[in-house]
Protein chains: 2
Amino acid sequence: MQQTRGVFFLSDRTGITAETLGNMLLTQFDGVQFERFTLPFINSRQKAAEAVTRINAYARMAGRAKPLVFSTAVDDDVRVLLQAVDGVFIDFFDAFIARLEKTLGTRASHSIGLAHGINPGTYYRRIEAVNYALAHDDGVSMRNYGNADVILLAPSRCGKTPTCLYLGLQYGIYAANVPLTEEIFESGRLPPEVLAQKSKLYGLTTEAERLSEIRSERLPNSRYASVEQCRQEIYETDCIFRSLGIKALNTARMSVEEIATVILQDMGLKSLAR
Amino acid sequence: MQQTRGVFFLSDRTGITAETLGNMLLTQFDGVQFERFTLPFINSRQKAAEAVTRINAYARMAGRAKPLVFSTAVDDDVRVLLQAVDGVFIDFFDAFIARLEKTLGTRASHSIGLAHGINPGTYYRRIEAVNYALAHDDGVSMRNYGNADVILLAPSRCGKTPTCLYLGLQYGIYAANVPLTEEIFESGRLPPEVLAQKSKLYGLTTEAERLSEIRSERLPNSRYASVEQCRQEIYETDCIFRSLGIKALNTARMSVEEIATVILQDMGLKSLAR
């Protein structure tokens, strides 16, 4: 059996980029166990030296293979210090910046100033989009649907709420959602406020077994969580989507990020948070 | 003046990793205007061919410089097709995978199977964490604080809600939040349910001018949004944090991602969403 390999994600900001790209690469190595650490906000020589000390101490522990070290640090002084670490150093910045400088015919700033911190305009937009999602969650308020970029329709527990919040937080998209309830199934009609926004409607469906699993986490052994009830609701949901020509997505095996990305693409929406 | 340079982010998944790392590199080039496109879910030869056709059509438009093409595609067949694009192709997968294979002494799977889709355990955890954040937003319910990983305290509009949602969505962290209100300032005391969780408390502060700006977006020309009122609230907030020894963060120039990362680090919390 292979030993556990240490992995460090280093960044002068949050470390999210280093983690995301690093983990994408690591998922390619199925048989290896990794132990992960994120060291964010390495934005001075002192912090770089501390990070190196910490990683080297880890590397020296008996019998350890050299740790993998993924870095997105931008500052040249910081990078030079980090590169001296006793590990396999993978520099996401250094690997590409020279080629981009050549192509663009201009020198990169090599400073974290620009990548750092917030853009007030997009900050407001994202926060307002989250507030919009909260105010228009689960059909609570049907006012202001005119401001929505997209309105999600689905039975309970198909991922409407986290998807709307993600669309707001990540992309600044105004997303409302409306639950498909017994009342709607019985009448076969959507509320008029919803129907009035037909071009913004987008459906989420799933598989009965998966929905039943998720609902069982909340209300085990209930009718609500039974596979039969879930199957019936999904059937009626499909009927509504088909009869109204509403584009729909089966979310059974998708992460929130994937659902959000497909919605952006299908609805022709652009991220407003850049 | 330099012309606008086209940028394409290609991925067999959402494209978020390609966008994030690509944009980190592009922010280094201050003087260049970029026009960005994301082409997600390129998971077959046909979709790869379509992406190449689209990018080449863009590249051929009169007088355009070669577009920059950032890819995280993992499948070898797809990658070979994409690499033939008429642009500057930057392959975030290919650049590092051979070195990792050598270091780890094992071959990468080169298939999107493993990186794709959801891990049911972490999916539940993240969704439940979002539900927890919603149920414990703005001091609405003070029950179940025992389950919280962290409880944020701050005056209105310092970023409590989006930070709690982000902690849930991104990391599976259970985050509640409590607004610091006039009532708390007057009595100088936190509610007993909150005080009982002292080790989980974390404070957010900001700068008066910035808070006033944000509040003015909601209620322009109100006392609530005035710089004086904001300054007074921040002063009283600082007094509470200091007297109780609550760790606090000035969020004035920070993005939600940065605030969340600092909280994880300061509170010694680990992402539970892997």
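**Salt bridges, chain contact and a buried strand**

B:E209 is partly exposed, with a relative accessible area of 44% (buried is under 20%, exposed over 50%, partly exposed in between, with a 1.4 Å probe and protein chains only). The model is predicted, so local features require pLDDT of at least 70 and side-chain atom pairs pLDDT 80 or more, whereas totals for chains, interfaces and linings use all residues. Residues are numbered from 1 along each chain as its sequence is written, chains are lettered from A and ligands numbered from 1 in the order in which they are written, and side-chain values use heavy atoms, without hydrogens and water.

The side chain of B:E209 meets that of B:R231 in a salt bridge, 2.9 Å from N to O (a side-chain nitrogen of Lys or Arg within 4 Å of a carboxyl oxygen of Asp or Glu). This pair links distant parts of the chain, with B:E209 in helix α9 (residues 208-218) and B:R231 in helix α10 (residues 227-244) of chain B, 22 residues apart (helices are DSSP runs of H or I with at least four residues, strands runs of E with at least two, numbered from the N terminus). B:R231 is partly exposed at 45%.

In chain A, A:R231 and A:E209 form a salt bridge with their closest N and O atoms 2.9 Å apart. A:R231 belongs to helix α10 (residues 227-244) and A:E209 to helix α9 (residues 208-218), so the bridge ties together parts 22 residues apart in sequence. A:R231 is partly exposed, at 44% relative accessibility, and A:E209 is partly exposed at 44%.

Over all chains, 30 salt bridges are found. One of them joins B:R79 and B:D76 at 2.9 Å, N to O. These residues are three apart in helix α3 (residues 76-83) of chain B, which places about one helical turn between them. B:R79 is buried, at 6%, whereas B:D76 is partly exposed, at 28%. In chain A, a network of salt bridges links A:D76, A:R79, A:D91, A:D94, A:E101 and A:R107.

The contact between the chains involves 86 residues from chain A and 86 residues from chain B (heavy atoms within 4.5 Å). About 7600 Å² is buried between them, 65% of it from carbon and sulfur atoms (the accessible area, with a 1.4 Å probe, that two parts lose on being put together, summed over both). Six salt bridges are counted between chain B and chain A; one pairs B:R157 with A:E128 at 3.0 Å, N to O.

B:R157 has a positive phi of about 75° although it is not a glycine. B:R157 is located in the loop between β5 (150-154) and α6 (160-171) of chain B and is buried, with a relative accessible area of 15%. A:R157 also has a positive phi of about 75°, and is found in the loop between β5 and α6 of chain A.

Strand β6 (residues 175-179) of chain A is mostly covered, with five of its five residues buried. A:A175, A:N177 and A:P179 point one way from the strand, and A:A176 and A:V178 the other way. Five bridges join β6(A) to the parallel strand β5 (residues 150-154) of chain A (strands pair if DSSP finds at least two bridges between them). The chain passes from β5(A) through helix α6 (residues 160-171) to β6(A) in a right-handed β-α-β crossover (clockwise from the first strand over the helix to the second, with the strands pointing away from the viewer).
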